[in-house]
Number of protein chains: 4
Amino acid sequence: MRTVVVEEPGRVSVQERLDPELPSADGAVVAVEASAICGSDLHLYDGDLPLFPVAIGHEAVGRVVEVGPDVARFAVGDRVLVAAVAGCGRCDGCATGDPVTCRAGPRVFGAGELGGAQSDLLAVPAADFQLLEVPEGVSDEAALLLTDNLATGWAGARRAELAPGGTVAVLGLGAVGLCAVRAALVQGAGRVLAVDPVEGRRRRAAAAGATILDASTADAVRDAVFEATDGRGADAVIDAVATDATLDAAFAAVRAGGTISVLGVHDMAPYPLPVLTGVYRSITLRMTTAPVQAAWRDLVPLVQDGRLDTTGIFTHDFALDDAAAAYEAAAARSGDCMKVRFHP
Amino acid sequence: MRTVVVEEPGRVSVQERLDPELPSADGAVVAVEASAICGSDLHLYDGDLPLFPVAIGHEAVGRVVEVGPDVARFAVGDRVLVAAVAGCGRCDGCATGDPVTCRAGPRVFGAGELGGAQSDLLAVPAADFQLLEVPEGVSDEAALLLTDNLATGWAGARRAELAPGGTVAVLGLGAVGLCAVRAALVQGAGRVLAVDPVEGRRRRAAAAGATILDASTADAVRDAVFEATDGRGADAVIDAVATDATLDAAFAAVRAGGTISVLGVHDMAPYPLPVLTGVYRSITLRMTTAPVQAAWRDLVPLVQDGRLDTTGIFTHDFALDDAAAAYEAAAARSGDCMKVRFHP
Amino acid sequence: MRTVVVEEPGRVSVQERLDPELPSADGAVVAVEASAICGSDLHLYDGDLPLFPVAIGHEAVGRVVEVGPDVARFAVGDRVLVAAVAGCGRCDGCATGDPVTCRAGPRVFGAGELGGAQSDLLAVPAADFQLLEVPEGVSDEAALLLTDNLATGWAGARRAELAPGGTVAVLGLGAVGLCAVRAALVQGAGRVLAVDPVEGRRRRAAAAGATILDASTADAVRDAVFEATDGRGADAVIDAVATDATLDAAFAAVRAGGTISVLGVHDMAPYPLPVLTGVYRSITLRMTTAPVQAAWRDLVPLVQDGRLDTTGIFTHDFALDDAAAAYEAAAARSGDCMKVRFHP
Amino acid sequence: MRTVVVEEPGRVSVQERLDPELPSADGAVVAVEASAICGSDLHLYDGDLPLFPVAIGHEAVGRVVEVGPDVARFAVGDRVLVAAVAGCGRCDGCATGDPVTCRAGPRVFGAGELGGAQSDLLAVPAADFQLLEVPEGVSDEAALLLTDNLATGWAGARRAELAPGGTVAVLGLGAVGLCAVRAALVQGAGRVLAVDPVEGRRRRAAAAGATILDASTADAVRDAVFEATDGRGADAVIDAVATDATLDAAFAAVRAGGTISVLGVHDMAPYPLPVLTGVYRSITLRMTTAPVQAAWRDLVPLVQDGRLDTTGIFTHDFALDDAAAAYEAAAARSGDCMKVRFHP
C-alpha cells in the first residue's frame with residue numbers, strides 16, 4: 001500500500017509499504033477513503049517536533065476490510081470514521097470516552113507508534129472504541145472533521161467554562177479555531193471575538209457569527225478585547241495556536257477569574273508562565289487534547305440536526321500521490337487554504 | 001496607633017502612625033483584637049516581592065469602632081472578621097463573592113494600597129462586603145483563619161475539581177496546605193497524599209487524615225504518588241507552595257486529564273511551563289487567590305457544626321510590640337511554628 | 001392613577017386609585033410606559049386562583065419618578081424594567097439573584113401584596129435589587145420580556161439539565177414556551193420537539209428551529225416523541241402549561257434518567273404523581289418560578305448581541321382603558337394572539 | 001438449588017429449583033455466598049407490589065462458577081458482587097454506568113424477570129457490566145452493601161444537590177437512610193438532620209454524626225427542621241421511605257429553591273403532588289433508582305480508604321433455610337434489626 005511519509009522537515013514523499021496486518025484480536029483494518037492534513041501534521045512538517053521519518057496523518061474515513069475476532073460492533077464493509085487518538089478501550093479511563101486518560105497511555109495515529117492515516121490502509125487497535133460508523137445525515141466533510149478538528153474545537157469551547165451569554169476570544173482561525181468559534185456559539189456564548197492575521201480565515205469566522213478584532217500583538221489583542229468588553233477582559237480565551245505570542249495574548253486578554261483554553265501544539269520549549277499574576281488574577285489554564293470519543297456523544301446529533309455547521313473548512317483536494325504539493329499548499333497557511341483533503 | 005512595618009527584607013519594626021480615618025462613606029474602622037502572619041507576608045519579609053517599606057498584615061479580627069453613613073449591616077461594637085481581599089462591594093464581580101473579579105480591581109490589606117492588619121486599627125472600605133460578624137460558635141482561631149487561610153485552602157480544594165473518592169496530593173503543609181488537606185477530606189476526597197519536608201507539619205497532616213509521602217524532589221514525589229495510585233497519578237494536585245520545584249512536582253504527579261490547583265505566591269519570575277506535555281496530557285492548571293467572601297457561605301456552617309477542624313494551626317502568640325521576634329519565628333518555617341498570632 | 005383590576009373571574013375593569021407612595025426607604029415609584037399580560041394573569045382571570053378583586057400585572061417597563069434615600073443605583077428619570085418577582089434584596093437568598101429564595105419570602109406584583117403593573121404607576125420595594133436599567137441595544141419588547149417570560153423560559157431550559165446535542169420536548173408554545181424553545185437552542189439543544197394545538201404558535205416555534213409534533217393526548221405525545229428519538233424518549237421535557245394532561249404527557253415522553261422542567265401555573269388541586277414509576281425510571285421533576293434577577297446576567301448580553309431572538313411574541317397592543325377587550329383577546333389563546341401589551 | 005420465594009403477602013418459603021443455566025454468551029453463573037434482604041423486598045413481602053409468587057432478592061456476593069464465551073473480565077473462581085440493577089452492558093445508557101438508562105430497559109434481580117439473589121445460584125446476564133470483583137480491602141458487609149443500599153444512599157445524597165456546608169434532612173434511617181446520612185457527610189454536608197421513629201435507628205444515625213429530630217408528623221418535621229435552620233428550611237431532603245406521609249414532610253421541610261431526593265419504593269397509587277406550591281417555591285423532586293455501576297467508581301476508593309463507614313448495618317444472620325423467620329424479623333422494622341443477611 002501507499003503511505004505519506006515526512007522524511008525530514010519540509011520533505012514529504014509517498015512510499016510503498018506492506019499492507020498492515022490486524023493489530024490485535026480487538027482490532028480492524030480500514031481502507032481509507034478520505035484523509036486530511038491537520039495543523040499538528042504541519043508541526044512535524046515544519047520540524048517543530050523531531051519525529052521523522054514518520055508515516056503521517058491521523059484523520060481518516062473509510063471502510064472496514066478486516067476485523068479481529070473480539071470486535072463486537074463492526075463488520076467488514078462498514079463505513080467508519082477513526083478517532084485520531086487511540087486508547088485500549090477497556091480501562092476506566094477509556095470508559096469516559098477520553099483516550100488521553102487511558103491507563104495504558106493514549107496513542108495518536110501518524111506519530112510513530114501507529115500507522116499514518118494518509119495511506120491506503122490503516123490498522124486500528126481496539127476497534128469497538130476507536131471507530132464510529134459514519135452516522136446517517138453526516139456528510140463526508142463532517143465525518144472527517146469528527147475524527148479530530150471538530151472534537152478539538154468543541155472540547156476546547158466546553159473546557160473554556162463559558163457561562164451562557166459570556167464573551168470568548170478565539171485566537172487563531174484555522175480549522176480548529178473556526179470549529180471552536182462555531183462550537184462556542186452553539187454552546188451559548190454571547191459574543192465570540194476572533195483574531196487571525198489571515199483575511200480568508202477572518203471572513204469565514206465572521207460569517208459564522210464572530211466579531212473580528214483587528215489586532216496582532218498581545219498588547220493590541222488585549223486593548224481590542226478590553227475595549228469590546230467594557231474594560232473587563234474576555235470571560236474565556238481559546239488559544240487555537242499556542243505559541244508564546246498567542247499565550248501572552250491570552251493572558252493579557254482574559255478577565256480576572258477567567259479561563260484560557262489551549263488547543264494548539266506548542267513547540268518543545270517551555271512557555272514562561274506568569275504564575276504570580278495568574279494567582280493574583282485567579283486564572284485557569286486548561287490544556288486539551290480532544291476527548292474524541294466522548295465528544296461524539298455531543299457532536300453527532302448536533303451535526304445530524306444541522307445545528308453545527310461543518311461546511312467551508314475543506315478548501316483543497318489532492319490525490320495521495322500529490323502529497324508533497326498538498327503539504328506545500330497547507331503549510332502556506334493562506335486564507336485560501338483552510339484544510340486539505342486526500343482522496344486516495 | 002501602632003502598625004507593623006517591613007522596612008526591608010528581613011527587617012521588621014513597630015511604628016507609630018496616625019489613627020486611620022473612615023476610608024469612605026461605606027467604610028468602617030476596626031480595632032484589631034487579633035491578627036496573624038500569613039505565608040505571603042513572609043514573601044515580603046524574605047524580599048521575594050519588592051514592596052517595602054510596607055505596613056503589613058491582611059488577617060484581622062476585631063471590633064467596629066467607627067462606621068460610615070452608608071454602612072447598612074454593621075454598627076459600632078460589632079465583633080467582626082475582615083476578608084483579606086477587598087472589593088468595591090457593588091459590582092457584579094463582587095456580587096459573586098469573589099473580590100478578585102471586582103470591576104474596580106481587588107486590593108489586599110497590608111500590601112501598600114490599604115493599611116496593614118498587624119496594627120491597632122484598620123480602615124476597611126466597603127464594610128458591608130468586607131466584614132463578617134464573628135458567627136456564633138466560631139472560635140477566635142477559626143475567625144482569624146476565615147479571613148484568608150481557610151478560605152484559600154477551601155477554594156483551592158474546590159477548584160481542584162476532585163470527584164468524590166478521588167486522590168489528591170497536597171504539596172506543602174503549612175497553614176494553607178493543612179487547611180487544604182482538611183477541606184479536601186470534607187469535600188469527599190478518597191485519599192489525600194501529603195508532602196512536606198518538615199516533620200511537625202507532616203504529623204499534623206497525618207492526624208487530619210492524610211497519607212504522608214516521604215519525598216522531596218519532583219521525581220521522588222512522582223514516584224511516590226504513582227506507587228500510591230497504582231501507576232496512574234493523582235487526580236488532582238494542590239500546590240500550596242508554588243515554587244518552580246513544587247510546580248514541577250505537581251506536573252509530574254498529576255494524572256492525565258487531572259488538575260493542578262496552585263495556591264502559593266510564586267516569586268516574580270515566570271515558571272517554565274511544559275505546555276506541550278500539558279496539551280498532550282490534557283492538564284488543567286488553576287491558579288487561585290481565595291474568593292474569601294464566597295467561601296464564607298460554605299465554611300461558616302461547616303465550622304459552626306464542627307465538621308471542619310480549625311484547631312492546631314496557631315502555635316505561637318506574640319505581642320504586637322514583639323513583631324520582629326514573631327517574624328523571625330515564622331520565617332524559620334519549622335514544624336513547631338505553624339502560624340503566628342498577634343494579640344495587640 | 002389608573003389600575004387594571006380583575007373583579008371576578010372573567011370581569012376586568014380599569015379603576016382610579018390614589019397614586020402609590022414610596023413603599024420604603026429603599027424603594028422607588030415607576031411611571032409605567034408599557035406593561036403586558038402574562039399567562040399567569042389569565043389563570044386569575046379564568047378563576048383558577050381565587051384572588052379577586054386584585055390589581056393585576058407583573059410585567060412593566062417605565063421611568064423612575066421617585067426614589068427612596070437608600071436607593072444607590074437609580075435616580076429619577078432612569079428608564080427601567082421591573083423584575084416580576086420581588087425580594088428584600090439584602091439577604092443571602094436574594095444575593096443569588098433568585099427572589100424565590102428570599103429569606104423574607106418572595107412577593108409577586110399584581111397578586112395582592114404589591115401593586116399591579118398594569119397601572120399608570122407602580123411602587124417598587126428594594127429598587128436596587130428589583131430594577132434593571134433598560135440596557136443599550138435592548139428593544140422595548142425585549143425589555144418587557146426580560147421582566148418575566150424570557151427569564152422563565154430561559155430558567156426552565158437551564159433547569160432542564162440538557163446536555164449539548166440533547167433532545168428536549170417543549171409542551172405549550174405560548175410566550176413562555178416559545179422563549180423556552182429559543183433558549184434551549186441557544187443553550188446547545190440538538191433538537192427541540194414542540195407541541196401545541198394552536199397553529200399560529202406552532203408556526204412561530206417552527207420558525208425558531210423547533211420540530212413540530214402533531215399530537216395532543218399524552219399517549220400521542222409519547223408516541224411522537226419516542227418515534228422521533230429512536231424509541232428512547234426525550235432527554236428533557238419542558239412543560240410550559242402544567243395541567244394534569246401536560247404533566248402526564250411529560251412523564252410519558254421523558255426518557256429514563258431524564259428531567260421534566262415545569263414552568264406553568266397549575267390550578268390549586270394536587271397532581272397525581274406516578275412516584276413509583278418516577279423512582280424506577282429515575283425521573284427528575286423541577287418546578288420553577290423564574291430567578292429573574294439571576295437570569296438577567298445570562299440574558300442581557302445574549303439579547304444585546306442578537307443571539308437570542310425576542311421578536312414575534314407581542315402581537316396585540318391595547319390602551320390601558322381597553323383592558324377588558326385586551327383580556328378577552330388574550331384569553332382566547334389563539335395563534336393570532338401570542339401576547340398583549342398595554343401602552344398607558 | 002434452593003431459592004427463597006414470596007408466595008403471597010406475608011408468606012415466604014424456600015423452594016428447590018433447577019440450577020440456572022448460563023443466561024447468554026456474555027453472562028455468568030454465580031454461587032451465592034451471602035445475600036441480604038432489602039427494604040424493597042419487604043414491599044413485596046408486605047403486598048404493596050403484586051408480584052407473587054416471586055423468587056426474591058437482589059443483593060448478592062459470591063463466586064463465579066460458570067462464564068459465557070463473551071465474558072472478558074471474569075473467570076471461574078472470581079469472588080464478585082452483583083449489581084442489583086441489570087442492563088445490557090453495551091448501549092450508551094449502560095456506558096454511563098446507570099442501567100436505568102439502558103436502551104433495552106433495566107431489569108432488577110428478584111422481581112420476576114431475573115432470578116432471585118436469595119438462592120444458591122444466580123444467573124447474571126452481561127457479566128462484564130454486572131459484576132465487580134470484590135476489591136481488596138472491602139469487607140463482606142461492605143461488598144453486600146455495594147450491590148444496592150450503599151449505592152442508593154450515595155446516589156440519593158449526590159442527587160440531593162447539596163452545596164458544601166448545606167443542611168440536609170434524611171427521612172427514614174433504615175439501611176438506605178443510614179447510608180445516605182453517612183454519604184451526605186462524606187460529600188460535605190454541613191449538617192444532617194435525621195428523622196425516624198425507631199430508637200435503635202436514631203442511635204446509629206446519631207453515632208454517624210446526624211442530629212436527631214424528635215418528630216413524626218409532617219407538621220412536626222417541618223417545625224423541627226425550620227427551628228434547626230433559623231426559619232429557612234432544609235437545603236435538601238432525602239426521603240428514604242417514600243410514603244405519602246414522608247413526601248408531605250419532605251415538601252413541608254425543604255427550603256424554597258431546595259431539592260427533595262426520593263429513594264424509597266412508594267406503593268402503586270399516585271402521590272398527590274402540590275405542584276402549584278412546588279412551582280411557586282421552585283422545588284426540585286428527584287426520584288432515583290441507584291446507578292449502581294456508576295456509583296462504584298466513587299464508592300470503592302472511599303470504602304477501601306475507610307472514608308465511608310459500612311459497619312453497624314447488618315444486625316442479623318440467618319441460614320437460607322430460615323428465610324421465613326428472617327423475613328419476619330426484617331418486617332418488624334425494629335431498631336434492633338437494621339438489616340438481615342443470609343449465609344446459604
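How many residue pairs are in polar contact across the interface of chain D and chain C? The rule finds 15, both residues of each pair being at pLDDT 80 or more. A polar contact here is a pair of N or O atoms within 3.5 Å; within protein, one must be able to donate a hydrogen and the other to accept it, and residues adjacent in sequence count only if both atoms are side-chain atoms.

Hello everyone, a few ground rules. This is a predicted model, where local features need pLDDT of at least 70, side-chain atom pairs count only at pLDDT 80 or more, and totals for chains, interfaces and linings use all residues. Residues are numbered from 1 along each chain as its sequence is written, chains are lettered from A and ligands numbered from 1 in the order in which they are written, and side-chain values use heavy atoms, with hydrogens and water left out.

Let's stay with chains D and C. Here 42 residues of chain D are in contact with 42 residues of chain C, contact meaning heavy atoms within 4.5 Å. Between them about 3,300 Å² is buried, with carbon and sulfur atoms giving 58%; that is the accessible area (1.4 Å probe) that two parts lose on being put together, summed over both.

Now the charges. Chain D and chain C share four salt bridges, each a side-chain nitrogen of Lys or Arg within 4 Å of a carboxyl oxygen of Asp or Glu. You can find Arg286(D) meeting Glu161(C) at 2.4 Å, N to O.

Which helix of chain D gives the most to the side that touches chain C? Helix 10 does, with five residues. Helices (H or I, at least four residues) and strands (E, at least two) are DSSP runs, numbered from the N terminus.

Strands meet here too: strand 17 (residues 284-287) of chain C runs antiparallel to strand 17 of chain D, joined by three bridges. Leu285(C) has Leu285(D) as its bridge partner. Two strands pair if DSSP finds at least two bridges between them.

Over in chain B, please look at an open sheet of three strands, ordered 2-1-4 with antiparallel pairing. Strands 2 (11-16) and 4 (54-55) of chain B are at the edges, each with a single partner strand, so one side of each has no neighbour in the sheet. Six bridges join strand 1 (residues 2-8) of chain B to strand 2 of chain B, and Thr3(B) stands opposite Gln15(B) there.

Finally, the whole structure holds 99 salt bridges over all chains.
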